[in-house]
Amino acid sequence: MADPIIGRRSLGALAGALAAGAAIPAQAQRGYDRGAAPARYPDADIVAIDPKRFTAKLGNTTIRRLGTGYSWAEGPAWHATGRFLIWSDIPNDECLRLVEEDHSVHRRFRSPSGFSNGNTFDREGRQIAFRHFHRDVLRYEADGSTTVLAARGPDGAFNAPNDGVVHPEDGAIWFTDPGYGALMNYEGQRVPESANSPRPFIKEAIYRIDAQTGQVAKVADQPFKPNGLCFSPDYRRLYVADSGQSHYEAAKNIIWMFDVDGPRLTNPRTFCDMELNGKSGFGDGLRCDEQGNVWVGAGWVGDGYDGVHVFAPDGQRIGQIRLPEICANLCFGGARRNHLYMTASQSLYMVPVETRGAHFC
């Protein structure tokens, strides 16, 4: 998500929050740099708001920073066969790769990347990128060539595709188009139409690309600016973050939930609100674990809020992973899908958890 233009949250410290009558401890003062003192177990920044329901916290592990020095890290995706992670540094116009074996980071995996934001892999292991600069959805083929899967929908050319997921049963690609990449040159290509409007070209919406026909269908446009998205473990629901309050005063910082009816979305409703202790930040990228909990990258509030918020299937916040930076996106990876990778502003973080990602990417 881009730096908000209006409605940006204060970056003051969040003193604490109450859950089940108990105060959440203050954010730990710690260093992530090489040579910094180790964090004491259990990690104080992995917070079980509801200990009975948030069972993913491990007592003998800590949050690790695997890389830093990026401009705006986004779009992590795990390649299970290759056992590597990719993610985007949007302003630097590149996609990076981390190797599981030694956690080494390799620059310029894709360069130029078209200022791509989100990434995912299809059932054949091909990378699919959602590109700001070219305002399209691109697939990298096994032979090194590329295929533009979609550059326009039923209402015209896209604003700037943001994030997407693949349905494993039919291979369809579902993605969001909030348009942030068309509002600034820093993360894409500013278009003249954005000078007086937060909507570059067309109404912000959610789309589906049919894997067999290539047809693009608009499946929902209720969110002001649909951002990250993910399926429930059984693929019967789709969760979508709405970060529209960056530009629309009427928008709310919520996660939407839709029912998936074949190629359609129905029954739009609020799954959860991002407010915590009277302060509300933006939800961005999100993933489900195998229990159906929704893990949301969040930020633009400050210490005690920025990081990852974990919601149970009923929409109740049950846990937090507090980071020293805004968390834009996340994914589960590792050989057992029990490592949570988090792209957070200038850095990449990871923490092992006692759960597994619900999906193959």
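Residues are numbered from 1 along each chain as its sequence is written, and side-chain values use heavy atoms, with hydrogens and water left out. In this predicted model, local features need pLDDT of at least 70 and side-chain atom pairs count only at pLDDT 80 or more, while totals for chains, interfaces and linings use all residues.

**View 1. Four strands make an open sheet.**
The order is β9-β10-β11-β12, and the pairing is antiparallel. The edges belong to β9 (116–121) and β12. Each has a single partner strand, so one side of each lacks a neighbour in the sheet. From one strand to the next, the twist averages 25°. Angles run from 0 to 180 degrees between N-to-C directions, with axes as lines fitted to C-alpha atoms, for helices over the stretch in contact. Strands (E, at least two residues) and helices (H or I, at least four) are DSSP runs, numbered from the N terminus. Two strands pair if DSSP finds at least two bridges between them.

**View 2. Strand β11 is largely enclosed.**
β11 covers residues 136–140. Five of its five residues are buried, so the rest of the structure largely encloses the strand. Buried means under 20% relative accessible area, exposed over 50%, and partly exposed in between (1.4 Å probe, protein chains only). In a regular strand, side chains alternate between the two faces of the sheet. Both faces of β11 are covered. Asp 136, Leu 138 and Tyr 140 are buried on one side, Val 137 and Arg 139 on the other.

**View 3. β10 and β11 form a hairpin.**
β10 (residues 127–131) pairs with β11 in the antiparallel sense, over four bridges. Ala 129 has Leu 138 as its bridge partner. Arg 131 is partnered by Asp 136. Four residues lie between the two strands. In the turn, Arg 135 has a positive phi of about 55°.

**View 4. A hairpin also links β11 and β12.**
β12 (residues 146–150) runs antiparallel to β11, and four bridges join them. Leu 138 stands opposite Val 148.

**View 5. The largest pocket has a volume of about 500 Å³.**
A pocket is an open set of points on a 1 Å grid over the protein atoms alone, with protein on both sides within 12 Å along at least five of seven lines; a cavity is a set where a 1.4 Å probe fits but cannot get out; lining residues have an atom within 4 Å of a point. Grid points are joined across faces, edges and corners, and a volume is the space filled by probe spheres set on the points. The largest pocket is lined by 17 residues. Tyr 32, Asp 33, Arg 34, Arg 64 and Arg 65 lie nearest its centre.

**View 6. The second largest pocket has a volume of about 180 Å³.**
Its lining has 14 residues. Arg 139, Leu 149, Gly 171, Ile 173 and Ala 211 lie nearest the centre.

**View 7. The largest cavity holds about 110 Å³ of space.**
Its lining includes Thr 120, Phe 121, Val 165 and Cys 230. β9, β15 (164–166) and β19 (226–231) each supply at least two lining residues.
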